[in-house]
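Please read them with the coordinates open.

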Amino acid sequence: LGRPAKAPILPSDVQDAYHPRPMCKSSLNTVTPQAPSNFRDIMRSIGATVALLTTCDEQGKLFGMAITGWTSLSFEPASVIIAVNQSASIHDVLLQANKFSLHLPALSDIHLIELFSRSDKRDERFAGDMWTTGDLGLPKLKTSLSSMFFTIDNSMRYGTHTLFSGRLHLSLIHNGRCRRST
């Protein structure tokens, strides 16, 4: 009723945060060569929960990577979506195995994030006694805050990545409580 209230006048540094200047000059219909690197920089600056994605092949060889490209998809059925680069060593194994597990590392497990992020550390990822065999024959991190085990329902390639939808089979919380999906 009446006129809309005037927007508050903000200091210039706050205004810049609400109305950022374009990082590169381009029209809405074109992408400059600088745009992909800017996009990558922006995405890398956004905080996200790191999980350890694991699976195994038919011979029982273990594969894993640190992943931030995951989110819940649905509660009925309980499911998630993960995004995996098609060049990652785990990618084709996921397509064959049709199952994966996600582990939320505890503070004491932080060192694993580097191991699971670097291909030159691949042989060290499952070393020691921190891992055991969990549901569906998948790796389970003994000390994780939680572990979730999924079967892959669907996959979709998009650009450099494949999106996998996983239906929850079992979830474990650090204190031992579990929920088995039916």
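1. The largest pocket has a volume of about 1200 Å³. A pocket here is an open set of points on a 1 Å grid over the protein atoms alone, where a 1.4 Å probe fits, with protein on both sides within 12 Å along at least five of seven lines. Grid points are joined across faces, edges and corners, and the volume is the space filled by probe spheres set on the points. The lining of this pocket counts 32 residues, and Thr-68, Gly-69, Ala-83, Asn-85 and His-161 lie nearest its centre. Two or more lining residues come from each of α2, β2 (62–67), β4, α4 (110–117) and β9 (161–173). The largest share, 5 residues, is given by α2. Lining residues are those with an atom within 4 Å of a point.

2. On the source: this is a predicted model, in which local features need pLDDT of at least 70 and side-chain atom pairs count only at pLDDT 80 or more, while totals for chains, interfaces and linings use all residues. Residues are numbered from 1 along each chain as its sequence is written, and side-chain values use heavy atoms, with hydrogens and water left out.

3. Overall fold. The chain has 4 helices and 10 strands, in the order α-α-β-β-β-β-α-β-α-β-β-β-β-β along the sequence. Helices (H or I, at least four residues) and strands (E, at least two) are DSSP runs, numbered from the N terminus. Among contacts between residues at least 6 apart in sequence, 53% join residues at least 24 apart; contact means heavy atoms within 4.5 Å.

4. Burial and surface. Of the 182 residues, 32% count as buried. Buried means under 20% relative accessible area, exposed over 50%, and partly exposed in between (1.4 Å probe, protein chains only). The chain exposes about 12200 Å², of which carbon and sulfur atoms supply 56%. These areas come from the Shrake-Rupley method with a 1.4 Å probe.

5. Nonpolar patch. Phe-39, Ile-42, Met-43 and Ile-46 make a nonpolar surface patch of about 400 Å². Ile-46 lies in the loop between α2 (34–44) and β1 (51–56). Patch residues have over 30% relative accessible area and no salt bridge, and nonpolar side chains (Val, Leu, Ile, Met, Phe, Trp, Tyr) are joined within 5 Å.

6. A buried strand residue. Thr-55 is in strand β1 and is buried, with a relative accessible area of 0%. Leaving aside neighbours within four places in sequence, Thr-55 is in contact with residues including Leu-62, Phe-63, Val-93, Leu-94, Phe-100 and Pro-139. Thr-55 and Pro-139 are 84 residues apart in sequence, yet their C-alpha atoms are 6.7 Å apart in space.

7. Backbone points to check. Most residues other than glycine have a negative phi, and most peptide bonds are trans. Which bond is cis? The peptide bond from Glu-76 to Pro-77 is cis, with omega near 0°. Pro-77 sits in the loop between β3 (70–75) and β4 (78–85).

8. Positive phi. Asn-98, not a glycine, has a positive phi of about 60°; the residue lies in the loop between α3 (91–97) and β5 (99–104). Asn-98 is partly exposed, at 39% relative accessibility. Leu-136, also not a glycine, has a positive phi of about 60° and lies in the loop between β6 (131–133) and β7 (139–141). With a relative accessible area of 26%, Leu-136 is partly exposed.

9. Salt bridges. Side chains of opposite charge can pair when their charged atoms come close. With a salt bridge taken as a side-chain nitrogen of Lys or Arg within 4 Å of a carboxyl oxygen of Asp or Glu, the count comes to 4. Glu-114, Arg-118 and Asp-120 are linked in a network. The closest N and O atoms of Glu-114 and Arg-118 are 2.6 Å apart, and Asp-120 meets Arg-118 at 2.6 Å, N to O. Glu-114 is partly exposed at 45%, Arg-118 is partly exposed at 32%, and Asp-120 is exposed at 55%.

10. One further pair. Lys-121 and Glu-124 meet in a salt bridge at 3.9 Å, N to O. Lys-121 is partly exposed, with a relative accessible area of 22%, and Glu-124 is partly exposed at 39%.

Terms used: Patch = residues over 30% accessible without salt bridge, like charges linked within 9 Å, V, L, I, M, F, W, Y side chains within 5 Å.
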